[in-house]
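Subject: Structure handover

Hello,

Here is the structure for your files. Please open it alongside this note; the findings follow below.

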Amino acid sequence: MKEKGIQMKDYVISIDMGGTKILAALINSKDGIHTRIKKATKTKNGNTNFVKALWGITAEVMLEAGVSEKNVKAICLGIPGSVNPQTGRIGIAPNLNIKNLNIKEQLQQFTSIPVLIENDVNLAALGIKHFGLGKDVEDMLVVFVGTGIGGGLIFRGNMHRGASFTAGEIGHMIIQPNGPLCGCGQKGCFEALASRTAIVRDITKEVKLGKRSLLAKLLKEKVPIKSKAISNALKKNDTVTVKVVTNAAVVIGKTLANINNLLNLQMIVLGGGVMEAAADFMTPIIKKSFKENSLKDAGKAVKIYATKLGDEAALYGGIALAEEFLGIKV
Ligand SMILES: [Zn+2]
């Protein structure tokens, strides 16, 4: 066990549950991230094993950091799906293969540390609001482009969750009637047009039509195309990838313009795997498309940035969630 002399301090443990990785950290506002652990997510295991895995990684963080339960004031979970932060219930998290699970009650069987849950993008939005680009901003939208597309809305300085906690689900705004099928069952959703899943689908289509691409070899070998591979192909000016990603960025700009015409925001922050890997290429295209499709005054007022907090945004969000729901400052 490491000696770090931190026994007197208070922390939260934030856990960001991704479809492919689980990231856990011991964190507080003064020192930032103290200890972090990253693991692959095992998605096929169902509810019971999910609870055990979560408690396992929590215990591992405490052991690694050399802190006891009394130093941890909350366990804050970011879940990629629909959640009720008041009851602690996960409605559905398709990428985790989880349905109807009160994760708070379940985890509370292992520990008396309070358990809080939030949608993963909302949690990241809280992190960006309190510890990142959004510090001085009241009205902000955070958009994460990855396997899907998620959004988190900050209004008047607070998280806006809506009547049934689904506010910010911009990935399922229907942008192209009769467009490609989305995972939700509708056609032409925003994320069915501009997520990494959509980008890879469109690149695959071009390659099947006989177009040459640097990604063709990976596709042929059935290697999953990650954001990094897309970014590398963009850097090498791969014609197919440039075309498909440009189309996605144009759609993102247009959709954000629609949202901003409704909300008249101060700031839009872009994040997620695709943006992290390809922000340099995509941000100027997104901004141009945004401008072209915005009402003039609404478009001029808003600043668009790519976040540099990366996957730490949600970890920091845990601190803000604990303050909001438990009234504690760590
Ligand atoms: Zn959809």
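This is a predicted model: local features need pLDDT of at least 70, side-chain atom pairs count only at pLDDT 80 or more; totals for chains, interfaces and linings use all residues.

Residues are numbered from 1 along each chain as its sequence is written.

**Helix 5 and helix 8**

Helix 5 spans residues 196-208 and helix 8 spans residues 239-263. They pack at an angle of about 140°, with axes 9 Å apart. Axes are lines fitted to C-alpha atoms, for helices over the stretch in contact; angles run from 0 to 180 degrees between N-to-C directions. The two helices are therefore oblique to each other.

On the helix 5 side, the contact uses Ala198, Ile199, Asp202, Ile203, Glu206 and Val207. Helix 8 brings Val240, Thr241, Val244, Val245 and Ala248. Contact means C-beta atoms, placed from the backbone, within 7 Å. The residues of this contact divide into eight nonpolar, one polar and two charged (nonpolar: Ala, Val, Leu, Ile, Met, Phe, Trp, Tyr, Cys and Pro; charged: Asp, Glu, Lys and Arg; polar: the others, Gly among them).

Asn100 is found in strand 7 (residues 98-102). Its phi is near 45°, positive in a residue other than glycine. Asn100 counts as exposed, because it has 9 C-beta neighbours inside 10 Å (20 or more is buried, 12 or fewer exposed, in between partly exposed).

Phe165 lies in the loop between strand 11 (158-159) and helix 4 (190-194). Phi of Phe165 is near 65°, again a positive value in a residue other than glycine. Phe165 is partly exposed, with 19 other C-beta atoms within 10 Å.

**The whole protein**

The protein has 11 helices and 13 strands (DSSP runs numbered from the N terminus: H or I of at least four residues, E of at least two). Its C-alpha atoms fill a box of roughly 60 × 50 × 35 Å along the principal axes. Buried residues make up 47% of the 330. Among contacts between residues at least 6 apart in sequence, 64% join residues at least 24 apart.

Best wishes

How values were computed. Angles under 35 degrees count as roughly parallel, over 145 as roughly antiparallel, 65 to 115 as roughly perpendicular and the rest as oblique. Two residues are in contact if their C-beta atoms, placed from the backbone, lie within 7 Å.
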